[in-house]
Amino acid sequence: MPPMPGDFDLYLLAQTWAPQFCCAHPEKCTTAAFAFSARRLSLHGLWPGYSVARGGETFPAHCQSKVKLLTSQLPREYIDLAPAFTRWNMEKHHAEVGPLARHEWIKHGTCSGLSAEGYFAEALRAMLTLPGDRGTPRAIADHVGGEVPTSVVRNEYGKRVALRTDKQCGLSEVTSCWRKQADGTVGQQVDCPEHVIRGRDTKCASLRINQFGQCLRGQQKSK
């Protein structure tokens, strides 16, 4: 039987470094050199999770929910902060729900216990709570195209986060963790539990912040 909505302990907020993603998956790249996401972290998803694994599972998915994704629009900020979620409607001049947004809602959003509008709004709100420019710490934004000590990035977050990299220590994703409020909304940032760190964190002493379009040898996926 699918899990019930609302039965979880915390939220994980996953942010992608799009230039790195575009190196590995050019066919799925939704970022352009001029885009905000070419120099800032973008939203991957807001995921309900467990503080301690339950029956070997660390998060619920595809929950038994009657709440449907009825919205056809996303907040304007998603164009900059979550370009992979959206499709821009030139005639109606608004951001429409794209395939990734539908996937995230079905797999993770249905477990939040929130409405679709509430779920997407909470993901955006949590991201904007993080330090720096709309969710990207200066330690990352100021070192695009270069390297930065991993400890410097960790210190900006205040709480324990998971920093995922490729084999060349290129930053690919940041996962932060958040308290779940009684009403299912996102609370304060908390230290990520050990199972999140163990599965997603790097051992690199410094991070390479890849610049858009400048893929290192071995990073770019052959077509």
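**Salt bridges and positive phi**

Author: R134 counts as partly exposed because its relative accessibility is 29%; buried means under 20% relative accessible area, exposed over 50%, and partly exposed in between (1.4 Å probe, protein chains only). This is a predicted model, in which local features need pLDDT of at least 70 and side-chain atom pairs count only at pLDDT 80 or more, while totals for chains, interfaces and linings use all residues. Residues are numbered from 1 along each chain as its sequence is written, and side-chain values use heavy atoms, with hydrogens and water left out.

Reader: Where does R134 lie?

Author: R134 is in the loop between α4 (116–129) and α5 (138–141); helices (H or I, at least four residues) and strands (E, at least two) are DSSP runs, numbered from the N terminus. Although not a glycine, R134 has a positive phi of about 50°. Most residues other than glycine have a negative phi.

Reader: And which residue does the R134 side chain meet in a salt bridge?

Author: The partner is D80, at 3.4 Å from N to O; a salt bridge is a side-chain nitrogen of Lys or Arg within 4 Å of a carboxyl oxygen of Asp or Glu. D80 sits in helix α2, 54 residues apart from R134.

Reader: How many salt bridges does the structure hold?

Author: There are 10. Among them, R54 pairs with D9, with the closest N and O atoms 3.1 Å apart. R54 lies in the loop between β2 and α2 and D9 in the segment before β1 (10–16), so this pair ties together parts 45 residues apart in sequence.
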